[in-house]
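Thanks for making time for this one. I would like to walk through a few local features, with the cut-offs stated as we go.

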Amino acid sequence: MDALKYLTASVESQTEWAVDYISGNVYFDLSDIDAGRVEDVIGEPLNVVSDLPKRMLEVVQAIEPGFTIHSGKYSDGRPVQSRIVIEEGLVCHHLWHYDPSQDSPKTLTGTLSADPGQYHGTYEIKILPPESFEVTIKPAEFVFYAEPVEAIANGVAFVGLGDFEGEHERIALNIGDSLERRTVYIEPDEAGALGRVLLDFEKTSARHD
């Protein structure tokens with residue numbers, strides 16, 4: 001029975017991914033006519049694929065009424081599947097093997113959601129059999145991250161300095177004049193030297209004024 005629960009959960013996950021992937025990519029860059037032809041060909045097969053995990057779940061529920069993949073348990077009390085919310089809109093699921101000896105520790109990492117040109121930090125998920133599933137959020141001390149761009153010659157610069165951690169973080173530097181502005185990004189270890197130069201420049205300018 002445990003093997004059937006595992007297989008049902010695995011089939012649901014894989015078929016859901018396959019259907020979403022096909023539906024999200026097969027029509028890309030097609031004309032309406034071509035997209036219609038493709039839909040006519042793959043529509044019914046996709047419905048059959050989507051229906052498979054539902055039929056398998058019905059078999060499991062006939063033996064164990066009320067069983068669901070998301071809240072069901074194996075005969076030893078372990079969850080069939082664990083779910084963790086990393087942040088709003090970002091959820092991670094892990095399917096535990098029905099035989100605990102077949103599971104192995106894993107560490108998954110990723111980047112937190114951010115607007116283009118920004119960096120909010122990372123997350124780390126530790127999967128420790130037989131059922132430990134935990135996430136650690138590592139927020140950025142500074143939110144901007146992007147590849148460097150060409151600076152504007154003889155521009156006026158403004159930079160925000162602070163405490164920075166993380167190998168992917170950069171410091172945002174707005175540089176430009178009244179006609180054109182651009183953002184460049186520098187390494188954290190360059191911030192001190194740049195800050196001192198800007199402060200010296202500000203003091204010199206103030207004395208001349």
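Let me begin with Y21, which is partly exposed at a relative accessible area of 48%, where buried means under 20% relative accessible area, exposed over 50%, and partly exposed in between, with a 1.4 Å probe and protein chains only. Before going on: this is a predicted model, in which local features need pLDDT of at least 70 and side-chain atom pairs count only at pLDDT 80 or more, while totals for chains, interfaces and linings use all residues. Residues are numbered from 1 along each chain as its sequence is written, and side-chain values use heavy atoms, with hydrogens and water left out.

Searching the whole structure gives two aromatic pairs, meaning rings of Phe, Tyr and Trp (its six-membered ring) with centres within 6.5 Å, where planes under 30 degrees apart count as stacked, over 60 as edge-to-face and the rest as tilted. Y6 and Y98 make an edge-to-face pair, at 5.6 Å centre to centre and 65 degrees between the planes. Because Y6 lies in helix α1 and Y98 in the loop between β2 and β3 (106-111), this pair ties together parts that are 92 residues apart in sequence; helices (H or I, at least four residues) and strands (E, at least two) are DSSP runs, numbered from the N terminus. The rings of W17 and Y21 have centres 5.3 Å apart and planes at 20 degrees, so they are stacked. W17 counts as exposed, at 55% relative accessibility.

K5, also placed in helix α1 (residues 2-25), is by contrast buried, with a relative accessible area of 3%.
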